[in-house]
Amino acid sequence: MVIGLMGFGTIGAGVYELAKELEELSIKYVLDIRQVEIPELTHRAEDLFEDAEVDTVVEVMGGLHPAYEFVSAALKAGKNVVTANKYLVATYYDELLALAKANGVAFRCTAAVGGGIGWLTALERVRRIEPINAVEGIMNGTTNYILSNMTQNGLSFDTALSEAQALGYAEADPSADIDGLDVKHKLLLSANIAFDVSLNVNDIFTAGIRSITDGDIKNFKERGLVCKLLGVACKEEGKVAAFVQPNLFPADALTASVPTNFNLITYDTAYTGRMSFYGQGAGRYPTGANVVQDLLDIVGGKEEFYSKEGAPCAIANEIVSFQYYLRTTSAKKDAVKAETWGDAVLTQKMSVAEMAKLLEEIKQEDPRAFIAAVRS
Ligand code: HSE
């Protein structure tokens, strides 16, 4: 396989190093805007598309543009594409799948969800024989690093975020991590593949951890609870719910114990039941290794995406309900209060759709409001 690698950042350098160890893989070009000292460097994307010897393009630049233009051009030029870019694939899902199919090339993105975990390939296998009822989990290493360090080591939010950035876990703009957007993109890919649908990424309710405080963490600890940011999607009687939000688990729950940049992602299927995948969800070598696995799968003859193109499907977040921790200065909390928890309330049970509407209203008055669903 002759490869054109687009992006020589954290992940690109990992892919480069790992691919060099394998005789099946040969990197002919590395596209990067910077002047990095490697013999394969080019600043011209066209070199990768125009060279007939290149059969596969790896996109690990991140961001939407020019990644979208480059990946589209590569597929149209008849190149297989492997990417770790969840933002790109979640945004142009239908279009990129159709483009790959029309050009008869492989399109794979295993490293886009779960970093080093082979999550999408696990979904691809299980869906061959079992209906999938739900996919959910900790899918973002940066926010898990922040939450576990605030809880266990008493770090401030800002210090923990700076450490996650220094360790190479965070997105170029860490807003994507702390506002839950990164999980939203990963959840969309997981749900589309699990349920054979094509969800609208903008319809996934998404609440992040940007406004969590030391006071919230203290409130949780006093009640034996641990906060984790999760993406959740489930299917019941043909309806699909999909949402990203902080959750409170009992301290002895499996999810509560996931440390640092690790991810824990679970599917729930008709025959096997719950099956969880645990590992490093971010970082140079875990993510780079999953990109290289995709390349080897293509060398081995894998041509299809993980599922067929899905049918458009409206999101039905009224089918799932929780009690919520709600910390806000807005008086709107009083109308939904079941209990007082320090300076916050525990709400009555309400659907995710109801909470999405309430939070949108509350944020007009109190942008620092914070919610977390109480889980058993
Ligand atoms: N920023 C992402 C994370 C990188 O922290 O999980 C891996 O997708």
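Residues are numbered from 1 along each chain as its sequence is written. Because the model is predicted, local features need pLDDT of at least 70 and side-chain atom pairs count only at pLDDT 80 or more, while totals for chains, interfaces and linings use all residues, and side-chain values use heavy atoms, with hydrogens and water left out.

Helices here are DSSP runs (H or I, at least four residues), numbered from the N terminus. The axes of H1 and helix H12 (residues 284-299) come within 8 Å and cross at roughly 60 degrees, where axes are lines fitted to C-alpha atoms over the stretch in contact and angles run from 0 to 180 degrees between N-to-C directions. H1 and H12 are therefore oblique to each other; angles under 35 degrees count as roughly parallel, over 145 as roughly antiparallel, 65 to 115 as roughly perpendicular and the rest as oblique. The contact (heavy atoms within 4.5 Å) includes Thr10, Ile11 and Leu18 of H1 together with Arg284, Tyr285 and Val292 of H12. Its residues divide into nine nonpolar, four polar and two charged, with Ala, Val, Leu, Ile, Met, Phe, Trp, Tyr, Cys and Pro counted as nonpolar, Asp, Glu, Lys and Arg as charged, and the others, Gly among them, as polar.

For helix H7 (residues 141-152) and helix H8 (residues 157-166), the axes come within 9 Å and cross at roughly 135 degrees, which makes H7 oblique to H8. Among the residues that form this contact are Tyr145 and Ile146 of H7 and Phe157 and Leu161 of H8, and the contact as a whole comprises seven nonpolar, two polar and one charged residue.

Helix H3 (residues 67-76) and helix H5 (residues 93-102) pack at an angle of about 20 degrees, with their axes 9 Å apart, so that H3 is roughly parallel to H5. In this pair, Tyr68, Val71, Ser72, Leu75 and Lys76 in H3 meet Glu95, Leu96, Leu99 and Ala100 in H5.

The largest pocket is lined by 46 residues, of which Met61, Gly62, Gly63, Glu171 and Ala172 lie nearest its centre. A pocket is an open set of points on a 1 Å grid over the protein atoms alone, where a 1.4 Å probe fits, with protein on both sides within 12 Å along at least five of seven lines, and lining residues have an atom within 4 Å of a point. The largest share of this lining, five residues, comes from H10, and the lining residues divide into 19 nonpolar, 17 polar and 10 charged.

Key:
Helix = DSSP H or I, 4+ residues; strand = E, 2+ residues; numbered from the N terminus.
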